[in-house]
Amino acid sequence: MEALSENKCFGGTQGVYKHASDACGGDMTFGLFLPAEAEHGPVPVLWYLSGLTCTHENAMTKAGAQAWAAEQGIALVFPDTSPRGEGVADHDDYDLGQGAGFYVNATQKPWAPHFRMWDYIADELPRVVINNFAVDEERQAITGHSMGGHGALTLAMNLPGRFASVSAFSPIANPTQSDWGRKQLGAYLGDDTAAWARHDSSLLMAETGFNGPVLIDQGASDQFLELLRPEALANAMAARRQEGTFRMQKGYDHSYFFVSSFIEDHIAFHAEALYG
């Protein structure tokens, strides 16, 4: 693993690291914020999954999360959203290919050799982080924005016991019924729609729910509401009597101005679950 940068940040360290990934068949880059408490022992960790077109850098520099994570003594991990580099398949459309991994393991050509973001986020990157940094394997939570909100919710519900809490900002909530989902799931996973279901948070919520608290924030003026389909997730949460909160935030759109406005709430929400 190579440290690309390390900067003092709110008493802790914001680093960017590169490592060889077996899951994705090439080098991957991630950001990691460690609060000052990590100098004395392992700290809880919050995973932040980013959305379409993003790298590890977008949330790391735009969300304003480090100040609140430092206050709570929580580490933050900012993974990339897809494999990248020479020989990695791509597409002219921004919502498919590099920058649009959708947190699945692709089974179809030309994506299958590298686009294994599920294995990368669920297994490989946690091992890299936990084995190399003062992060507590037993205290993990997860959040994300847009495509990353989709990833956070589906990982949390498919990996029972892994995460103490899950939250999302404007998640792609019902991808099996949306053009932000049917296009990508079909390209990556093929025509068998049964294989898509474990990557749809609304379907998962209706079927299994999450054994812990859930927080969803959705901008009421989001320009992508019809693609996100938040009502499907809200209805599934209500029908299941899921422990959690779904908030429509009046006037807010899909941008990082929205995320940064409510990131303090989300980190406090996760801190309560992580510290119990």
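**View 1. D265 and R247 pair up through their side chains in a salt bridge, 3.0 Å from N to O.** D265 sits in helix α9 (residues 256–275) and R247 in strand β9, so this pair ties together parts that are 18 residues apart in sequence. Both partners get some solvent: D265 is partly exposed, with a relative accessible area of 34%, and R247 is partly exposed too, at 24%. Keep in mind that this is a predicted model.

**View 2. D93, D95 and K183 belong to one network, joined by salt bridges that share partners.** Across the structure there are ten salt bridges.

**View 3. Here the side chains of D80 and R84 meet in a salt bridge (2.7 Å, N to O).**

**View 4. Another salt bridge links the side chains of E231 and R229, at 3.9 Å from N to O.** E231 is partly exposed, with 41% relative accessible area. R229 also falls in the partly exposed class, at 25% relative accessibility.

**View 5. Helix α8 (residues 230–240) has P230, A232, L233, A236 and M237 as its buried residues.** Look down the axis of α8 and those buried residues fall within an arc of 160°, so they line one face of the helix. Just past the end of α8, R241 takes a positive phi of about 60°.

**View 6. T143 has its place in strand β6 (residues 135–144).** T143 counts as buried, at 1% relative accessibility. Its side chain makes a polar contact with the side chain of S167, at 2.7 Å. Setting aside neighbours within four places in sequence, T143 is in contact with residues including L46, W47, Y48, L49, G148, A152, F169, H266 and H270.

**View 7. Confidence across the protein averages a pLDDT of 98.** Helix α5 (residues 179–189) is where confidence is lowest, at a mean of 97, while strand β5 (residues 75–79) has the highest, at 99.

Definitions and conventions
Residues are numbered from 1 along each chain as its sequence is written. This is a predicted model: local features need pLDDT of at least 70, side-chain atom pairs count only at pLDDT 80 or more; totals for chains, interfaces and linings use all residues. Side-chain values use heavy atoms; hydrogens and water are left out. Buried means under 20% relative accessible area, exposed over 50%, partly exposed in between (1.4 Å probe, protein chains only). Helices (H or I, at least four residues) and strands (E, at least two) are DSSP runs, numbered from the N terminus. The arc is that of the directions from the helix axis to the C-beta atoms. A polar contact is a pair of N or O atoms within 3.5 Å; within protein, one must be able to donate a hydrogen and the other to accept it, and residues adjacent in sequence count only if both atoms are side-chain atoms. Contact means heavy atoms within 4.5 Å. pLDDT is the predictor's confidence in each residue, from 0 to 100. A salt bridge is a side-chain nitrogen of Lys or Arg within 4 Å of a carboxyl oxygen of Asp or Glu.
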